[in-house]
Amino acid sequence: MVVTINSLGLQGIAGYEIAVECALSGGLPAFDVVGLPDAAVKESRERVRAAVKSSGARFPVSRITVNLAPAALRKEGTVYDLPIFLGILAAQGDIEPPPAEAAFLGELSLSGALRPIAGMLPMAMAAARGGIRELYVPAENAAEAALAGGLTVYPVEDAASLLEHLRGGTRLRPAAPWVRPEEPEAGPDFSEVMGQENVKRALEIAAAGGHNILLIGSPGAGKSMLARRLPSILPDMTRREALEATEVWSVAGMTDRRSPLLTRRPFRSPHHTVSAAALAGGGTFPRPGEISLAHNGVLFLDELPEFSRDAMEVLRQPIEDGEVTITRTAGTVRLPSRFMLVCAMNPCRCGWRGHSSGRCTCTDAMVEKYTARISGPLLDRIDLHVEVPSVEFEAMRRREKPEPSSAVRSRVNAARARQAERFEGTGTACNAHMTAAMAGRFCTLDEAGERILRAAFERMGLTARSHDRILRVARTIADLDGAARIGPEHLAEAVQYRNTDILRR
């Protein structure tokens with residue numbers, strides 16, 4: 001008798017349906033798992049054997065063959081323990097085969113308890129798309145699986161309670177929809193930053209339009225402090241954005257029962273020793289890297305010139321496309337990577353170039369060598385280049401409290417609401433992601449604006465890419481002002497953020 005149990009698997013961060021086929025036959029006792037299983041899948045034989053005995057059931061003394069279909073796709077992980085367990089018991093008649101609209105996922109311990117697995121959300125969403133109506137998962141993963149919607153999710157503590165449920169005894173209770181807890185606003189706030197009003201303005205523009213930004217200044221000027229307060233003014237995530245980001249974190253095993261859904265935009269800050277593979281993702285079976293973990297959030301690179309050239313250059317294609325493509329012998333996967341790139345750097349190796357103290361010991365050649373570590377193509381993809389001056393003593397001792405992040409965030413949310421209305425139905429979320437055709441439609445200039453942009457293009461030697469990025473920044477500044485059209489003042493402010501001369505001082 002052959003019994004088929006529905007389950008799910010992962011390819012990259014996409015879930016797909018898997019049929020776990022179990023057959024018992026005569027011959028010498030054996031337990032074979034086929035269908036391109038990895039080592040963890042093969043080891044399920046011992047976990048399942050122990051779990052069957054621990055649950056009070058009889059393990060068959062016969063030849064057991066388990067096929068994971070489609071057999072052409074590589075299977076990995078411990079997610080198939082539970083469906084193999086049920087398939088064996090159903091094949092020998094201990095339980096009735098589960099209904100076709102039910103699917104099972106989970107890792108078994110030797111005692112029969114279910115342990116949580118990674119990647120639950122994308123697999124649950126694939127189950128909902130595939131017509132599955134009942135999903136049985138480890139109790140720790142139930143809240144995350146319920147986020148997919150359209151499913152009745154049953155949290156399973158151990159195999160014995162599941163068998164009791166399937167045999168018509170004590171029923172499992174479906175998981176209740178997860179409710180986001182009321183959380184007080186916490187974390188670093190802009191009200192803690194004295195001075196630096198021009199930098200705060202640039203960060204507000206970046207947050208409102210999703211633009212990339214580079215902060216350049218001497219040590220202690222506040223570059224990292226300002227960047228780490230950026231999450232406090234980022235716009236609220238939509239439900240779709242939250243699910244997209246959570247899928248990536250779920251595959252990386254970074255969700256849990258208490259916080260199954262990301263409620264705040266990710267902020268990733270890898271060390272400058274990070275490798276290109278750790279940024280982009282990879283491995284024999286590709287897994288998300290830092291740029292995918294920052295999807296719909298912020299990727300902060302502090303001390304940008306200290307990163308390896310390979311690590312910096314790997315950012316170029318994801319910035320443009322919003323996804324990273326990884327090709328390995330096991331296959332090709334596409335991982336989402338729509339993030340805000342926020343970078344900070346010193347103006348020279350010693351860090352004091354242009355400082356009023358005159359402490360800089362670098363020659364012009366040394367400065368040029370240091371700043372040349374950042375390639376022109378990468379710099380061209382950064383929308384705002386902002387100088388962060390040292391804070392003056394008077395600003396440090398000022399008694400008035402600076403504007404809090406909540407006030408800035410309200411303006412950012414209002415600007416994003418205008419962009420959502422403008423781009424409705426296009427799949428574009430913010431001004432930074434406009435296509436060239438969209439920029440031509442929504443970033444029209446009057447005669448004065450045309451003169452300003454022409455002069456900037458000729459004087460600064462702008463590229464076609466930087467031309468479009470200036471227009472997108474200007475459109476964001478106009479949105480913050482509530483203006484329907486880009487005015488000369490909006491364009492002039494956008495142009496001043498494109499001054500790359502501050503890298504050559």
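This is a predicted model: local features need pLDDT of at least 70, side-chain atom pairs count only at pLDDT 80 or more; totals for chains, interfaces and linings use all residues.
## Aromatic pairs

Let's start with the rings. A pair of aromatic rings is described by the distance of the centres and the angle of the planes. The structure has 5 aromatic pairs. In one of them, the ring centres of Tyr136 and Tyr154 lie 4.8 Å apart with the planes at 15°, so this pair is stacked, the cut-off for stacking being under 30 degrees.

Another pair is Phe423 with Phe442. Here the centres are 5.6 Å apart and the planes stand at 80°, so the arrangement is edge-to-face, for which the angle has to be over 60 degrees. This pair also links distant parts of the chain, 19 residues apart: Phe423 sits in the loop between α17 (405-422) and α18 (436-442), while Phe442 is in helix α18. Phe423 is buried, with a relative accessible area of 2%. Phe442 comes in at 19% relative accessibility, and because the limit for buried is under 20%, Phe442 counts as buried as well.

Arg359 has its charged end over the ring of Trp352, 3.7 Å from the ring centre.

## Where α7 meets α17

Now for the helices. Two packed helices are described by the angle between their axes and the distance between the axes. Helix α7 (residues 197-209) packs with α17 at an angle of about 35°, and the axes are 8 Å apart. Their crossing is right-handed.

On the α7 side, Glu204, Ala207, Ala208 and Gly209 make the contact, and on the α17 side it's Val408, Arg411, Val412, Ala415, Arg416 and Gln419. By type, the residues of this contact split into 5 nonpolar, 2 polar and 3 charged.

## Glu204 up close

Glu204 is worth a look of its own. This residue of helix α7 counts as buried, at 6% relative accessibility. Setting aside neighbours within four places in sequence, Glu204 is in contact with Ile233, Val408, Arg411, Val412 and Leu480. Val408, Arg411 and Val412 are among the α17 residues of the helix contact.

## The buried side of α21

Helix α7 shows up again in the surroundings of α21. In helix α21 (residues 488-496), the residues His490, Leu491, Glu493, Ala494 and Val495 are buried. The buried residues of α21 pack against α7, and also against α19 (447-460) and α20 (464-481).

## Val2 in strand β1

Buried or exposed: which is Val2? With a relative accessible area of 58%, Val2 is exposed, because the threshold for that is over 50%. Val2 lies in strand β1 (residues 2-11).

Not counting residues up to four places away in sequence, Val2 touches Glu21, Cys22 and Ala23. Phe85 is 83 residues away from Val2 along the chain, and the C-alpha atoms of the two are separated by 14 Å.

Note on methods: Residues are numbered from 1 along each chain as its sequence is written. Side-chain values use heavy atoms; hydrogens and water are left out. Rings of Phe, Tyr and Trp (its six-membered ring) pair if their centres lie within 6.5 Å; planes under 30 degrees apart count as stacked, over 60 as edge-to-face and the rest as tilted. Helices (H or I, at least four residues) and strands (E, at least two) are DSSP runs, numbered from the N terminus. Buried means under 20% relative accessible area, exposed over 50%, partly exposed in between (1.4 Å probe, protein chains only). A charge sits over a ring if NZ of Lys or CZ of Arg is within 6 Å of the ring centre and within 35 degrees of the ring normal. Axes are lines fitted to C-alpha atoms, for helices over the stretch in contact, and angles run from 0 to 180 degrees between N-to-C directions. A crossing is left-handed if the near helix is turned anticlockwise from the far one by less than a right angle, and right-handed if clockwise. Contact means heavy atoms within 4.5 Å. Ala, Val, Leu, Ile, Met, Phe, Trp, Tyr, Cys and Pro count as nonpolar, Asp, Glu, Lys and Arg as charged, and the others, Gly among them, as polar.
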